[in-house]
Amino acid sequence: MFILTCRPHSARGPAAAYRLHRVHPLGSGVSLAPSGRRARPRAPSSIASPGQGGSLRVQCAKEGVRFSETLDGTSLRVGVVRSRWNEGVTESLLEAVKRTLKECRVADDNVVEVEVPGAFELPLAARLMIETQRVDAVVCLGCLIKGETSHFDLIADKASAALMQLQMSTQTPIVFGILTCTTMEQATARSTGANNHGIEWAKTAVEMGTVKNVMLGKWPAGKESKKLLF
Ligand SMILES: Nc1c(NC[C@H](O)[C@H](O)[C@H](O)CO)[nH]c(=O)[nH]c1=O
Ligand SMILES: CC(=O)[C@@H](O)COP(=O)(O)O
């Protein structure tokens with residue numbers, strides 16, 4: 001038995017970038033290439049190898065995510081909600097999000113911004129953004145840094161659950177852009193330079209806004225995906 005999934009495909013047009021692939025239900029390691037040939041299993045992102053003293057050492061090499069180079073947000077309207085706790089970090093994330101949305105051809109007029117105090121406030125603001133601003137996707141930016149008390153776990157848990165529930169109930173993609181760090185150094189490393197996570201979060205918004213609009217029939221699908229999708 002096979003299931004259908006959607007994934008970006010580079011070097012093609014915006015809507016055509018979304019094509020359905022047949023994937024074996026046992027996992028991505030056993031997938032079918034588009035031609036129907038069995039694809040080679042992908043290397044795992046964590047490798048267990050024998051370490052000193054006979055114990056197992058687990059090496060976590062982060063693989064990250066690749067995006068299509070032809071992401072096109074021309075017809076998208078994107079909401080961005082930024083929380084001000086750890087302001088230097090969230091400002092830097094916001095700058096990367098806006099720059100990347102522009103690179104993906106989202107018009108300045110179609111980027112709607114709002115600020116809230118902390119990460120705990122993000123879900124309500126995201127909901128109000130969806131209800132009042134006709135956005136195709138919302139990026140929620142925040143930065144939680146572990147302190148001495150349990151607020152970190154409580155806020156991270158509740159905010160992430162609320163954002164997930166919100167995107168499922170509204171069918172509006174919400175990007176989880178909350179850094180959850182132990183130290184400010186970790187947060188800085190993830191909000192500056194080429195590793196600024198705002199870059200991939202903006203691309204996620206453009207990709208998911210496109211997926212939503214194509215799959216809900218709001219936009220015509222590209223030639224190839226139309227054959228498979230509808
Ligand atoms: N400690 C952090 C917070 N705390 C504040 C809460 O998010 C919230 O604003 C307050 O409890 C009022 O409801 N927020 C962050 O975004 N990051 C933190 O590290
Ligand atoms: C809810 C919070 O983030 C904040 O009140 C936690 O404060 P503290 O770090 O003093 O426990």
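Predicted model: local features only at pLDDT ≥ 70, side-chain atom pairs only at ≥ 80, totals over all residues.
A polar contact is a pair of N or O atoms within 3.5 Å; within protein, one must be able to donate a hydrogen and the other to accept it.

D136 sits in the loop between α2 (122–133) and β7 (137–145). Is D136 buried or exposed? D136 counts as buried because its relative accessibility is 4%, and the cut-off for buried is under 20%. Beyond its neighbours within four places in sequence, D136 touches S75, L76, R77, T172, P173, G209, K212, N213 and K218.

Now follow β7 to ligand 1. The shell around ligand 1 takes 3 residues from β7, which gives the most. Around this ligand stand W85, N86, G118, A119, F120, E121, C143, L144, I145, H151 and I155. By class, 7 are nonpolar, 3 polar and 1 charged.

Which polar atoms approach ligand 1? A polar side-chain atom of N86 lies 3.4 Å from an oxygen atom of ligand 1. A polar backbone atom of G118 is 3.5 Å from an oxygen atom of the ligand. H151 places a polar side-chain atom 3.1 Å from a nitrogen atom of ligand 1. Of the 430 Å² of accessible area that ligand 1 has on its own, the protein covers 76%. β7 and α3 (151–170) are the elements giving two or more residues to this shell.

Ligand 2 is surrounded by T149, H151 and I155. A polar side-chain atom of T149 lies 2.4 Å from an oxygen atom of ligand 2. The protein covers 44% of the 330 Å² of accessible area that ligand 2 has on its own.

Conventions. Residues numbered from 1 in each chain as written. Chains lettered and ligands numbered in written order. Heavy atoms only, no water. Near = heavy atom within 4 Å. Areas by Shrake-Rupley, 256 points an atom, 1.4 Å probe, with all protein chains shown as cover. Helix = DSSP H or I, 4+ residues; strand = E, 2+ residues; numbered from the N terminus. Buried < 20%, exposed > 50% of the residue type's maximum accessible area, 1.4 Å probe, protein only. Contact = heavy atoms within 4.5 Å. Nonpolar A, V, L, I, M, F, W, Y, C, P; charged D, E, K, R; others polar.
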